[in-house]
Amino acid sequence: MERSNIAKWLFLGLAIILFIQFGKPLLFGESAEQLQPLDVNDSTAPAERAPAEACVIDGDRFKAELSTRGGSVRHVWMTDPKYTTGNGERRPMDLVTTSLESRMPLRTDLRLPGGNAQQVPFDDLDWKLSAQDGKSCTFTYSDDATRLTKVVAATGRPYELSLQVTVENLAQEPRKHRFALEQTAWRTQKETEGHLGLISEWITETVAATDQTTERQHPDAFEPGDFKDKEFTAERWRRTPGNARFVAVSSSYFSKIAIPLEGPGKPVAETQIEEIWDTSKFQQKAKDPSHGYVYRARLAYPEQELAPGGAVTYKALSFTGPKERDVLGAVGHGTSEVINLGWFSPIAKLLVSYLYVLYRAVGSWGWAIVLLTITVRLLLFPLSIQQIKSAAAMRKLKPEMDELNARYKDDATQRGLAMQELWRKNKVANPVIGCFPMLLQMPVWFALYTALQTAVELYHTPFGPVIPDLSAPGKYFIIPIVLGASSFIQQKLMPPQGDPAQQKMMMYLMPGIFTAMMLFLPAGLGVYMLTNTWLGIGQQVLVERYLKAKNERAGGIEVREIANAEPQSAMKKTQGDDKSAPALGKGKARVRG
């Protein structure tokens, strides 16, 4: 396609995008956006509230604060030095981000969505703090019909809390309840947005794991029209088929998980993502700087009816902390699934396991990444060598290719056919076929990319003087600059493709793209990409030197075919003297004794 045509189509595409973005609202005005059929203030509470009391639990690698308002968690601070926040003075990170009482983590609902004979009068109960010892909190609630006991305690393992709720019916008639336990998080749209390949550390999803499947949901699964789908219940929760194994609200590095342990019947796993913005001030949600989402995941047990004097107990486990592989493995119940490794998760899991082995051997996550990259590159070398051989052969044919490019510069079809014939005569594989080994490697590269970008082990972990944090962009942009220069050298070593304009574009555009990407990508990925680029250059140089030496050795003995070993007259004379001797064929010589 001619460049003028390319420019025309690019200009037309840009005009359409600009019209959709700016022209359409100017011509037709801004339409009011649809709202989810949800009510954020859907809970009930007594008109007069008792003063709130706090209870603190010191656990392994965390500190939690609970409130008598709902008996739910108000704060979970991580006490490891690496998990801190703040631009100036560093302080422990708090993983509780919601503030509305009805949206707090470990909130327990007991009311049915409708009907009479409810066991409790309110959703948001005022509990009494009956006991606390620094490792556990005991909350109680009682009225004429009900006695409740809720015990939250540290388990002794990192970031874990156990939960036990007992419901007793003190009424003279049967009463009904439905026990539900949820985990929550609040994030603004701006917090979850990535840029130029960088995934935001606060991009969040809900996870519902059952004995049948595991579902991950993002806000686009909860558009206003989606609530009519069959997956949604009458309460407008999205239910995952099967019995719940666990539910979670999970970001790139951290997760809040609820795991059912004991209780009557099997709970279901349900999720809901509420979209929040100030509709009184902003007609368009994109204009509200506070526009965001409340991510909710809950365990919902079957409805229970207690006879007078009857009682039932529910037990669950809560995890609120970083998604460290070793720690989640100790939690069990398949909770390692909260680490989202994408389509190539089997390969990514293998690579991460090997990364752990390397880390234990060298004691540095940075050097572990370097060794992992070297290992992967060596294992994939058999796939790369054919591509390097093809590159060497293409460089050897550069003068002929330049001549064909000049001869058929205005005829792309004829130029392609001529190139094909040149490659065929010299037994050089088509460059497209030469790319096939690279395509086979792509699943490994994508898996490694995802594994490194979601590895909380790299979070706030330094590597050398210029990398204070392997999970964040490097210091002084040293890695992007070195990577861009290395990519330029690698492009210089590659055989020329296309016309001179395309060659020049590849020479400067690819290094520029790599440099721009690494300005914002985590430094851990930069270490991988830089190591991989240097290894690629080294492999290409060594293989090409080997091929060159091999060709020179083969060229030391020159074999030449001689059409006639003797002059025609001599041949005729010899044949005439010896009638019995057979005639010599073309290119043959007689050996005389």
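How many aromatic pairs does a search of the whole structure find? The search finds 18. The model is a predicted one. Two of the pairs are described below, after a look at the chain as a whole.

## Overall picture

The protein chain has 593 residues, and 43% of them count as buried. Its secondary structure comprises 14 helices and 21 strands. Take the contacts between residues at least 6 apart in sequence: 68% of these join residues at least 24 apart. The chain exposes about 31,800 Å². Carbon and sulfur atoms supply 58% of that area.

## The disulfide

The structure holds 1 disulfide. Cys55 and Cys137 form this bond, with an S to S distance of 1.9 Å. Cys55 belongs to strand E1 (residues 54-59) and Cys137 to strand E8 (residues 136-142), so the bond ties together parts that are 82 residues apart in sequence. What is the handedness of the disulfide? The torsion about the S-S bond is about -90 degrees, so the disulfide of Cys55 and Cys137 is left-handed. Cys55 is buried, at a relative accessible area of 0%. Cys137 is buried as well, with 0% relative accessibility.

## Aromatic pairs

Phe254 is buried, with a relative accessible area of 3%. Tyr459 also counts as buried, at 3% relative accessibility.

Trp367 and Phe463 make another pair. The centres of their rings are 5.5 Å apart and the planes meet at 90 degrees, so Trp367 and Phe463 are edge-to-face. Here too the pair links distant parts of the chain: Trp367 in helix H5 and Phe463 in the loop between H10 and H11, 96 residues apart. Phe463 is buried, with a relative accessible area of 17%.

| Residue | Relative accessible area |
|---|---|
| Cys55 | 0% |
| Cys137 | 0% |
| Phe254 | 3% |
| Tyr459 | 3% |
| Phe463 | 17% |

## A surface patch

Together with Val362 and Leu371, Trp367 makes a nonpolar surface patch of about 270 Å². Helix H5, where Trp367 is found, spans residues 365-379. Trp367 therefore takes part both in the patch and in the edge-to-face pair with Phe463.

## Thr233

Where is Thr233 placed? Its place is in the loop between strand E14 (214-217) and strand E15 (238-240). Is Thr233 buried or exposed? Thr233 counts as buried, because its relative accessibility is 18% and the cut-off for buried is under 20%. Neighbours within four places in sequence aside, Thr233 is in contact with Arg239 and Glu270.

Terms used
Residues numbered from 1 in each chain as written. Predicted model: local features only at pLDDT ≥ 70, side-chain atom pairs only at ≥ 80, totals over all residues. Heavy atoms only, no water. Helix = DSSP H or I, 4+ residues; strand = E, 2+ residues; numbered from the N terminus. Buried < 20%, exposed > 50% of the residue type's maximum accessible area, 1.4 Å probe, protein only. Contact = heavy atoms within 4.5 Å. Disulfide = S-S within 2.5 Å. Patch = residues over 30% accessible without salt bridge, like charges linked within 9 Å, V, L, I, M, F, W, Y side chains within 5 Å. Areas by Shrake-Rupley, 256 points an atom, 1.4 Å probe, with all protein chains shown as cover. Salt bridge = Lys/Arg side-chain N within 4 Å of Asp/Glu carboxyl O. Phe/Tyr/Trp six-rings, centres within 6.5 Å; stacked < 30°, edge-to-face > 60°.
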